[in-house]
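Please read the following report with the sequence and the model open side by side.

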Amino acid sequence: MSDTQSSDDALPEGATETERLDKQYVFGTWSYQSEVSPTEVTGGSGVRFTTADGSEYIDFSGQLMCSNLGHSADTVADAMAEQAREGAYFAPGFTTEPRAKLGEKLAEVTPGNLSRTFFSTSGTEAVEAAIKIARMYTGKQKIISRYRSYHGATAGSISVTGDPRRLMSEPGVPGSIKAPDPYAYGSTLEPMESLEYIDEMLMLEGDTVAAVLVEPVVGSNGILAPPKEYLPRLKEIAHDHGALLICDEVMSGFGRTGEWFGCDVFDVTPDIMSMAKGLSGAYAPLGATIVTDEIATHFEDEMFCHGHTYAGHPVACAAGLAAVTSYQDQDLISHANRVGEYLGERLEELAAKHPSVGETRGVGLFRGVELTKDPDERVPFGHRSDKISMGSTVVDEVSAAAWEEGVYVGNMINTLIIAPPLPITEDDVDEAVAALDVALEVSDAAMD
Ligand SMILES: Cc1ncc(COP(=O)(O)O)c(C=O)c1O
């Protein structure tokens with residue numbers, strides 16, 4: 001028995017045994033442990049999930065923007081169970097049917113000549129692999145990424161992350177350089193100006209940059225969708241300077257934007273793409289890094305110097321194969337596109353009604369609601385430093401109020417992050433928007 005100090009203060013009255021044990025023995029992520037108070041979830045079905053006290057919630061953020069298929073889909077559960085019984089694990093030097101078929105499937109659903117995949121177990125690892133591949137392929141070391149970005153938690157991926165979670169890991173891995181973002185609402189630069197800035201950075205760095213790494217539509221840093229011409233021009237700029245374009249599709253992939261991938265919104269094929277989250281619909285920890293034919297060919301006679309014990313884990317790949325097949329069989333990408341349009345319209349109505357909504361933005365089922373205490377001056381309630389400080393912010397209070405109304409919606413700094421499971425219906429959207437309508441009274445009341 002340990003004598004870990006753990007305050008019970010944060011636990012609600014009537015906390016379950018699981019909640020009590022978890023608080024005592026398990027680290028909460030990205031948080032001050034005294035503030036952590038996890039709610040026990042007992043199950044989910046479709047776009048809803050249930051907590052231990054029997055309450056049901058609409059999952060308006062798809063948990064961590066990853067439950068793209070909805071909860072408890074039999075197709076994926078059955079595929080995983082079958083694979084676990086037939087052979088849960090074989091070393092990466094062997095192959096299995098789900099791994100090979102998922103590789104083939106990813107070559108089919110990703111754009112252009114992206115064709116060969118390295119499998120891992122998370123978005124973080126998918127990005128780490130992308131960075132290493134870019135360095136091995138180009139022989140150069142530097143990576144340009146952007147300030148409003150999240151690319152993962154381990155040394156390399158947190159170094160290329162721009163958001164404040166990076167700060168405690170600094171100085172980080174050398175050669176990680178940050179650029180401005182296409183953030184029309186809150187940046188001093190217009191999106192296309194920020195692109196010219198990157199052009200100049202690449203010129204000034206000389207021929208030393210391996211890749212420019214971006215989320216095609218920025219996720220947790222506020223759902224930032226650039227103008228249509230941004231990503232094609234970024235690819236052009238990167239290539240002009242001998243750098244690759246890496247698209248981090250960990251959050252924006254698999255139907256989230258109403259297209260298969262965020263880069264499809266802009267008709268761009270990157271040189272390298274990282275994926276996770278929706279890849280398995282969050283049924284298994286699974287990441288993937290896919291590269292173009294040219295890059296794949298390079299490694300025929302150069303060592304692919306990377307791997308993990310669980311690279312291509314059969315059960316995780318079985319989950320991925322079943323999830324991607326389900327997106328296809330259930331026509332969920334075009335469904336997300338259609339319902340995403342509707343969601344966008346409903347959020348616009350909220351913006352028109354609530355003065356504390358500065359802007360709603362996004363594409364498909366990937367939407368952000370940014371709050372402001374002064375719409376004329378666009379003064380934010382929350383700041384980047386709040387992400388790494390104690391206590392709750394106005395946007396946290398809005399999320400808490402939505403929870404009281406039966407809707408789970410996550411947030412980051414100053415923006416509600418809306419990314420429900422793709423099978424969500426218009427009726428579900430109406431129900432969730434009605435809850436947000438009530439919750440936004442909290443931010444309205446907090447305005448100056
Ligand atoms: C764009 C992006 N890249 C990478 C990651 C890291 O993925 P994971 O948390 O699965 O390691 C995330 C996680 O949210 C993400 O949104």
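This is a predicted model: local features need pLDDT of at least 70, side-chain atom pairs count only at pLDDT 80 or more; totals for chains, interfaces and linings use all residues.

Residues are numbered from 1 along each chain as its sequence is written, and side-chain values use heavy atoms, with hydrogens and water left out.

| Residue and atom | Ligand atom | Distance |
|---|---|---|
| Gly-123, polar backbone atom | oxygen | 2.9 Å |
| Tyr-150, backbone N or O atom | nitrogen | 3.3 Å |
| Lys-277, side-chain N or O atom | oxygen | 3.0 Å |

The chain is divided into domain 1 (39-71 + 332-445) and domain 2 (74-329), with bounds that come from an automatic or database domain assignment. The C-alpha centres of domain 1 and domain 2 lie 25 Å apart, and 35 residues of domain 1 are in contact (heavy atoms within 4.5 Å) with 39 residues of domain 2.

Between the two domains about 3,100 Å² is buried, and carbon and sulfur atoms give 63% of that area; buried area here is the accessible area (1.4 Å probe) that two parts lose on being put together, summed over both. Of the area that domain 1 buries against domain 2, Ile-333, Phe-366 and Arg-384 supply 24%, more than any other three residues.

Across this interface 15 residue pairs, both at pLDDT 80 or more, are in polar contact, whereas the count of salt bridges (a side-chain nitrogen of Lys or Arg within 4 Å of a carboxyl oxygen of Asp or Glu) between the domains is zero. On the side of domain 1 that touches domain 2, strand S11 gives the most, with five residues.

The structure as a whole holds 17 salt bridges, and one of them joins the side chains of Lys-140 and Asp-207 at 2.6 Å, N to O. Lys-140 lies in the loop between helix H5 (123-138) and strand S5 (142-146), and Asp-207 in the loop between helix H7 (191-205) and strand S7 (209-214), so the pair ties together parts that are 67 residues apart in sequence. Helices (H or I, at least four residues) and strands (E, at least two) are DSSP runs, numbered from the N terminus.

Conventions: A polar contact is a pair of N or O atoms within 3.5 Å; within protein, one must be able to donate a hydrogen and the other to accept it, and residues adjacent in sequence count only if both atoms are side-chain atoms.
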